[in-house]
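Hello,

Here is the structure I said I would pass on. My notes on it follow below the files.

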Amino acid sequence: MSGALIGYGRTSTTEQEAGLEAQRRDLAAAGCGKVYLERASAVSERAVLRQALDYVREGDTLVVTKIDRLARSTINLWDIVRGLDAKGVGLRVLNLGGEVVDTRSATGRLILTIFAGFAQFEREMMLERQREGIAKARAEGKYTGRKPTARAKASEALELHREGKTPTEIAKALGIGRASVYRIIETVVSAK
């Protein structure tokens, strides 16, 4: 049964617009009639991915440009693949080691398994090196972490709050998270 090709693309941040546009272009070129795009880190809740997974029907194929755009680990990838299998939906990865891989074939599943394992290993090694680098920099007194941008903008946030702006409007205006705005407001309210 030949179904629809449904695309899914993701970037971790809003600053990666070019990457998201490239995924959209590649998914459209692969023949995807419907494309779901999302800006969310791999560890956050991915509502658009959930929508895409809910949308696909038996005979359809979910298409992604790379596996790291879809899953955060090998286990997560296979959970997604099992869910797709249960619905009779295939998974196609447009660039897995330079090859297009489709889970509807045994060879495709094997290649996906091997490359997913390598991808997870590579990510874990990168995170380990990053932690080692941070520990070394801390020991040398060179690492202080990222600047607390929300704290630096607390007075501006409070002024906008006094002017009657909502936390969402304040967050957008100052380029900080809404939760940070609530914390700033709460700190002042609890201090009274």
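Please keep in mind that this is a predicted model. I start with strand β1, where both faces are covered: L5, G7, G9 and T11 are buried on one side, and I6, Y8 and R10 are buried on the other. The strand runs over residues 5–11, and seven of its seven residues are buried.

Two other strands pair with β1. With β2 (residues 34–39) the pairing is parallel and has six bridges; in this pair, I6 is bridged to K34. With β3 (residues 61–64) the pairing is also parallel, over three bridges, and here L5 has T61 as its bridge partner.

As for the chain as a whole, there are five strands and eight helices. Read from the N terminus, their order is β-α-β-α-β-α-β-β-α-α-α-α-α.

The overall dimensions are as follows. The C-alpha trace spans about 65 × 45 × 30 Å along its principal axes. The radius of gyration of the chain is 21 Å, whereas a compact globule of 192 residues would have one near 16 Å. While β1 is mostly covered, 33% of the 192 residues in the chain count as buried.

Of the contacts between residues at least 6 apart in sequence, 61% join residues at least 24 apart.

The chain carries 32 positive and 24 negative side chains. The centres of these two sets lie 3 Å apart.

Regards

Definitions and conventions. Residues numbered from 1 in each chain as written. Predicted model: local features only at pLDDT ≥ 70, side-chain atom pairs only at ≥ 80, totals over all residues. Heavy atoms only, no water. Helix = DSSP H or I, 4+ residues; strand = E, 2+ residues; numbered from the N terminus. Rg over C-alpha atoms; globule rule 2.2 N^0.38 Å. Buried < 20%, exposed > 50% of the residue type's maximum accessible area, 1.4 Å probe, protein only. Contact = heavy atoms within 4.5 Å. Lys, Arg positive; Asp, Glu negative; His and termini not counted. Charge placed at Lys NZ, Arg CZ, Asp CG, Glu CD. Pairing = 2+ DSSP bridges.
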